[in-house]
Structures are given as structure tokens and as C-alpha cells.
Amino acid sequence: MSSNLATKLRVGTKKAHTMAENVGFVKCFLKGVVEKNSYRKLVANLYFVYSVMEEEMEKHKNHPLVSKINFRELYRQRSLEKDLSYYYGGNWREQIQLSPAGEAYVQRIREVSEKEPELLIAHSYTRYLGDLSGGQILKGIAQTAMNLSGDGTAFYEFEDISDEKAFKNKYRQALDELPIDDATSDRIVDEANAAFGMNMKMFQELEGNLIKAIGQMLFNTLTRRRTRGSTELATAE
């Protein structure tokens with residue numbers, strides 16, 4: 001008997017997914033506008049989120065539901081550590097800090113792990129399926145926008161997954177085979193929507209830094225043009 005949880009999650013989070021994609025920071029990212037300082041702050045936040053999520057999922061590795069979707073080949077903590085070392089240097093642990101929105105996200109994961117561990121399924125679905133679905137596209141955008149040459153995008157690389165499409169099907173099948181009732185599946189969908197909201201808040205925190213950076217880039221461009229114009233005029237005279 002199928003719970004149809006994969007379909008319920010896809011349909012039930014469609015609106016939240018669209019809203020997340022329309023946050024300014026994400027829209028800029030998808031258009032190739034990526035500012036390195038803002039991006040590394042996002043990587044730091046994601047490091048804390050994934051570390052806690054994976055820690056809590058390990059605590060429930062024998063849980064009748066959580067264990068069914070706890071695929072360790074999806075874990076991102078180690079890959080994020082590589083990226084943080086690239087962006088911050090060897091002492092990255094002393095430099096990174098969790099933002100207010102990131103803190104709320106982490107606290108929510110710990111809360112559901114303690115009280116309703118089956119809701120960890122929603123957090124796993126929201127993050128990992130998104131990573132698998134758009135990871136390679138985002139990786140290419142990040143590399144081009146920040147002039148990266150191999151390093152700094154380990155987060156998007158799933159070395160233990162040879163066929164991402166097949167793995168997503170495997171993950172969705174595992175969701176559908178979970179022995180849950182409608183009330184539980186509804187709570188998982190609700191939690192997934194909440195997770196999308198928490199991700200949006202993390203992105204929104206970064207918009208201020210991104211806008212400042214874009215403004216500075218435009219200012220520098222205009223300044224260079226004015227300087228070049230003045231030089232050309234002086235030469236002509």
C-alpha cells in the first residue's frame with residue numbers, strides 16, 4: 001500500500017517552492033549575479049543546518065520512518081566543510097557564525113527531532129531533493145559568476161551518487177512506501193512548507209549584502225567610465 005507521500009509533498013509544497021525561487025537573492029543567483037561574501041555566508045548557514053539535520057537523523061537511525069529515508073550518500077556536512085575551508089581558510093571554524101534565521105531553522109530541526117522525529121522527513125525532502133534537482137545547474141552558475149576553477153562548489157557534488165535521476169526516483173519510492181496515515185502525511189507536508197519558509201528567511205537576510213555589493217559594483221563601473229572619459233578628453237585636448 002502506497003502513502004503517496006512523494007506526490008503529496010510535491011503538490012503540497014508547490015506554492016512555497018515557487019515563492020522561494022522568487023526571493024531576490026535566489027532570482028539574482030539564477031541570473032548569474034552572485035557576490036562571494038554573501039555566498040560564503042550562505043554556505044556557513046547551510047553548514048550549521050545540515051550538520052544539525054544529519055546529527056539528528058543519525059540519532060533516529062532506527063526509527064521506523066526516519067530510517068527509511070536516511071541515505072548517508074546525501075549527507076552534505078563534509079562537502080560544506082571543504083567549501084568553507086576554500087572561502088574562509090583553514091581557521092574557518094573560528095570565523096563563521098549562524099545568522100538569526102539560520103538559528104531559528106536549526107532550533108526547529110532540534111525541536112522536531114525531540115518531539116516529532118517523523119517530521120525530519122520533511123526537512124530531508126526539502127533540502128536534499130532540491131540539492132539533487134538543481135545542484136548541477138547552480139554549480140555551473142556559481143563557478144561562472146565567481147570565476148571558480150574547481151574549488152568552492154563541493155556542496156553540489158554527490159560523489160557517491162552516480163545517477164542523480166535514478167536516486168531521486170529511489171528516494172521518492174521510499175517516501176511512498178512509508179507506513180503512515182493521512183494525518184501524519186499532512187503534518188509532514190505542513191512541516192515541509194515551514195522548512196521552505198525558513199530557507200526563504202535565510203535567503204532574505206543575504207539580500208541586503210547582495211544589494212550593497214551590486215551597488216558598489218555599479219558605482220565602480222561608472223567611476224571607471226568617468227575616469228576613462230576624462231582621460232580621453234584630456235588626451236584629445
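Start by selecting N147, which sits in the loop between α8 (120-145) and α9 (164-176). Helices here are DSSP runs of H or I with at least four residues, numbered from the N terminus. You are looking at a predicted model, where local features need pLDDT of at least 70, side-chain atom pairs count only at pLDDT 80 or more, and totals for chains, interfaces and linings use all residues. Residues are numbered from 1 along each chain as its sequence is written, and side-chain values use heavy atoms, leaving out hydrogens and water.

What is the phi of N147? The value is positive, near 55°, in a residue other than glycine. Most residues other than glycine have a negative phi. N147 also counts as exposed, at 68% relative accessibility (buried means under 20% relative accessible area, exposed over 50%, partly exposed in between, with a 1.4 Å probe and protein chains only).

Next, select N4, in the segment before α1 (5-12). N4 has a positive phi too, about 55°, although it is not a glycine.

Now move to helix α5, residues 77-88. Its 12 residues reach 16 Å from the first C-alpha to the last, close to the 16 Å expected at 1.5 Å a residue; the expected span is 1.5 Å times one less than the number of residues.

Finish at G89, which follows α5 and has a positive phi near 95°.

How values were computed
Helix = DSSP H or I, 4+ residues; strand = E, 2+ residues; numbered from the N terminus.
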